Amino acid sequence: MIFDLDGTLIDSVALIVETVTTSFRAVNEPEPDERAIRAISGITARDALVILAPTASEERIDVLLESYRAHYHSAKGVEREPIFVGGLAALDRLQASPETILAVATGKGYRGAITLLESHGIITRFHSIQTPDHNRGKPDPQMIETAMDEAGALHAQTVMIGDTIHDMRMAKAAGVKAIGVSWGYHEATELLAEGADIVIDSFDQLDAAIDHLLGAVDA
């Protein structure tokens with residue numbers, strides 16, 4: 001099982017929206033609205049800023065990126081990026097099966113992902129942590145493919161769990177099943193339109209969704 005972080009396992013929505021807004025304001029760049037900010041979650045920070053500031057030069061994007069990173073690192077913390085309700089219990093249930101291997105595929109940088117997982121004390125739960133630092137960014141399938149290679153997993157055994165259209169597109173490009181979660185950055189209708197096999201509304205529904213998808217594959 002491969003998890004996205006922001007918006008899927010980690011509740012970072014308010015922090016990301018606040019940080020983007022503050023970082024744009026700090027360098028006198030027109031602030032994007034919340035809907036635009038939510039839409040870019042999951043891709044690399046630079047790619048996101050190019051979308052949010054489409055008329056900015058490459059040099060200006062560098063300024064925005066530096067501003068974003070500075071404001072994000074000053075604002076982040078466990079209390080600002082909690083695990084979604086039911087997330088830990090879901091990891092416990094999945095790990096109860098010796099056949100289940102957990103991985104992460106996130107748009108965060110590697111250092112940021114490691115720091116976040118360590119701060120919550122869950123880093124050892126994941127066999128593989130894939131980021132754009134060592135792979136091509138979403139929706140390219142490389143992060144999923146690398147995680148599968150490291151786990152020795154087959155396509156029919158792999159499920160991507162995420163909250164954005166970028167996660168769904170990545171899963172479809174990799175040829176694996178995709179579970180969308182409705183509590184993150186993108187709406188359920190968007191996730192289904194971009195390839196989600198199932199959209200769940202709480203972590204309590206995750207086990208049944210996985211069983212349904214993998215059972216359908218086995219059948």
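Contact means heavy atoms within 4.5 Å of each other. Secondary-structure elements are DSSP runs numbered from the N terminus: helices are H or I runs of at least four residues, and strands are E runs of at least two. The model is predicted, with local features requiring pLDDT of at least 70, side-chain atom pairs counted only at pLDDT 80 or more, and totals for chains, interfaces and linings taken over all residues. Residues are numbered from 1 along each chain as its sequence is written, and side-chain values use heavy atoms, without hydrogens or water.

The sheet is open and has six strands. Their order is β3-β2-β1-β4-β5-β6, with parallel pairing. Two strands pair if DSSP finds at least two bridges between them. Strands β3 and β6 (198-200) stand at the edges with a single partner strand each, so one side of each has no neighbour in the sheet. Helix α7 (142-151) packs on this sheet and touches β1 (2-3), β2 (103-105), β3 and β4. The direction of α7 makes about 165° with that of β3. Such axes are lines fitted to C-alpha atoms, for helices over the stretch in contact, and angles between N-to-C directions run from 0 to 180 degrees.

Strand β4 (residues 159-162) pairs with β5 (residues 177-181) in the parallel sense over four bridges. M160 has A178 of β5 as its bridge partner. G162 stands opposite G180, also in β5. Two bridges join β4 to β1, and these strands run parallel. Here F3 stands opposite I161.

Helix α8 (residues 165-174) lies across β2, β4 and β5 and runs at about 170° to β5. Seven of its ten residues are buried, so α8 is largely enclosed by the rest of the structure. The buried set consists of I165, H166, D167, M168, M170, A171 and A174. These residues pack against α2, β2, α7, β4, β5 and α9 (188-193). Just after α8, G175 takes a positive phi of about 80°.

S128 belongs to strand β3 (residues 128-130). The residue counts as buried, at 2% relative accessibility. Apart from neighbours within four places in sequence, S128 contacts L102, A103, V104, A147 and E150. With E150 there is a side-chain polar contact of 2.8 Å. A polar contact is a pair of N or O atoms within 3.5 Å; within protein, one must be able to donate a hydrogen and the other to accept it, and residues adjacent in sequence count only if both atoms are side-chain atoms.

L102 lies in the loop between α5 (87-95) and β2. At 1% relative accessibility, L102 is buried. Its contacts beyond four places in sequence are M1, F3, L91, L94, Q95, R125, F126, H127 and S128. G87 is 15 residues from L102 along the chain, and their C-alpha atoms are separated by 13 Å.

The largest pocket has a volume of about 650 Å³. Of its 29 lining residues, A45, Y68, G107, K108 and G109 are the closest to the centre. Helices α1, α3 (45-52), α4 (58-75) and α6 (110-119) each supply at least two lining residues. A pocket is defined on a 1 Å grid over the protein atoms alone, as an open set of points where a 1.4 Å probe fits, with protein on both sides within 12 Å along at least five of seven lines; lining residues have an atom within 4 Å of a point. Grid points are joined across faces, edges and corners, and the volume is the space filled by probe spheres set on them.

K108 is found in the loop between β2 and α6. Its relative accessible area is 10%, which makes K108 buried. The K108 side chain makes polar contacts with the side chains of D6, at 3.4 Å, and Y72, at 2.6 Å. Beyond four places in sequence, K108 also touches residues including L5, E81, A113, L116, T131 and P132.

Two backbone features lie in loops. A cis peptide bond joins K138 and P139, with omega about 5°. P139 lies between β3 and α7. N28 has a positive phi of about 60° although it is not a glycine. N28 sits in the loop between α1 (13-26) and α2 (34-39), and is exposed at 69% relative accessible area.

Methods. Buried means under 20% relative accessible area, exposed over 50%, partly exposed in between (1.4 Å probe, protein chains only).
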